[in-house]
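Open the model in your viewer and keep the selection panel at hand. The stops below go one selection at a time.

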Amino acid sequence: VNDNERSAAFDALRALMISRGFEWVVGQAEDEIRQGKSLELQEPVRVKLPGHQRTSRIETGTVTVSFTPMQRLETLVGAARRAMVVPSILEADVVNFFRGVESESTVIDIKFDGEAPADGEAITLGGTDEVRARAQAAQVLDEALRALLDEARR
Amino acid sequence: MTLQELIADIDTGLAGAANPAFNNPGAISDLFEVWIFCLVLRAAREEGFTVDFVDVGGNAVTTFVFRTSPGWVHGAHPYCHAVLSHPDAPGMELHHGVRVGGQSQTSHECDVALLTDTAAVASRASGTDPTYAGLKLAVECKFYASSLPLRLLREFMGLSLELGRRPTWIATNSTHASLHAILRRHNLRWEDELEPNVSSADRFRHEVRTLLDHVQR
């Protein structure tokens, strides 16, 4: 797999995420990519400072470098995983806490509700079986994302 | 398989995996805060605390209502909290998304706040926000799809100071390249790359357990 193919995979995944309503995830990943990566200086740098006769030696510092095509793809896949896989696992764990065998609680429903109309519609977490099925599907999606990265690293 | 075929697999997998209700940053952040709330309660149970779920009037609930925007311990509202009791510890309440008065007498939202029951009762009776003095622990929760922006670490440092250096964590599913260096330098608490079934979640739960053990008489 070469860098052109990695870039094409990035573009294809980006387009898929946008088409499925995850443009906010793409936005966060692209912000991170735009900022570049900070790396510690590997070797001392000599610079000529104004008003100084001799060059100065800079021993430590950080430099910012651009992402490689592989790093861009890793960043997008990481963001996809956090936004598309992890929420279903969180949801299942919360439902399990309140309704599972460990629960000892009388709580049946878990609801998110805002005080103002601007807070959006209330969300009630789904039934135990529904949430569990979603968490299992999230594990399959997680494996598919990992497979993409494994293949791109070849 | 080609990269394009693998992306087609991702498209197929996405259909059953994602709950559309949580396809926006605000809703996922709320869910993450509630998961952290549950981790604190798990730690409490493991330390022998009894956990009851009640509404603002102290009545047991069958529907637990969480906030989606910052609110108050006091007032007439439909939101719930957990009551923690233990024969050898002072009574405490765990709240989600409530304002707590800081050292400057400015109120700040705490995503997860463990308050003494004295502070919480006084807040409800007086209609004022509890102060940082009544805070046993606070957690600032951050869910990000990408790397955590640096400004959030700066904000957390300010919040922690305002809360009088009470035990305050930043808990995030993400991380930042300088997170450990910055927070260690300022002696602040953090747990990054948090999600179910990973070591950081166990670590966080154990830290909370230690804190709860130390508040026992």
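**Before you start.** This is a predicted model: local features need pLDDT of at least 70, side-chain atom pairs count only at pLDDT 80 or more, and totals for chains, interfaces and linings use all residues. Residues are numbered from 1 along each chain as its sequence is written, chains are lettered from A and ligands numbered from 1 in the order written, and side-chain values use heavy atoms, with hydrogens and water left out.

**Stop 1: the interface.** Colour by chain. Select 60 residues of chain A and the 54 residues of chain B that they contact (contact: heavy atoms within 4.5 Å). About 5,100 Å² is buried between the two chains, with 66% of that area from carbon and sulfur atoms. Buried area is the accessible area (1.4 Å probe) that two parts lose on being put together, summed over both.

Now show polar links. Between chain A and chain B there are 23 residue pairs in polar contact, both residues at pLDDT 80 or more. A polar contact is a pair of N or O atoms within 3.5 Å; within protein, one must be able to donate a hydrogen and the other to accept it, and residues adjacent in sequence count only if both atoms are side-chain atoms.

Which elements of chain A give two or more residues to this side? They are helix 1 (3–19), helix 2 (23–35), helix 3 (69–99), strand 5 (109–113) and helix 4 (128–153). Helix 3 of chain A gives the most, 17 residues. Helices (H or I, at least four residues) and strands (E, at least two) are DSSP runs, numbered from the N terminus.

**Stop 2: salt bridges.** Select A:Arg20 and B:Asp11. Their side chains form a salt bridge at 2.8 Å, N to O. The term means a side-chain nitrogen of Lys or Arg within 4 Å of a carboxyl oxygen of Asp or Glu.

Next, pick A:Arg81 and A:Asp142, another salt bridge, at 2.9 Å, N to O. A:Arg81 is in helix 3 of chain A and A:Asp142 in helix 4 of chain A, so this pair ties together parts 61 residues apart in sequence.

Stop 3: Three of them form an open sheet in the order 6(A)-5(A)-2(B), with mixed pairing. Strand 6 (123–124) of chain A and strand 2 of chain B stand at the edges, each with a single partner strand, so one side of each has no neighbour in the sheet. Two strands pair if DSSP finds at least two bridges between them.

Centre on A:Phe112. A:Phe112 stands opposite B:Phe66 in strand 2 of chain B, and its bridge partner in strand 6 of chain A is A:Ile123. Strand 5 of chain A runs parallel to strand 2 (residues 63–67) of chain B, joined by five bridges. Strand 5 and strand 6 of chain A run antiparallel, with two bridges.

Stop 4: Seven strands form an open sheet in the order 1-3-4-5-6-7-8, with mixed pairing. Strand 1 (50–55) and strand 8 (189–191) of chain B are its edges. Finish on B:Ala113, which stands opposite B:Ala138 in strand 6 of chain B.
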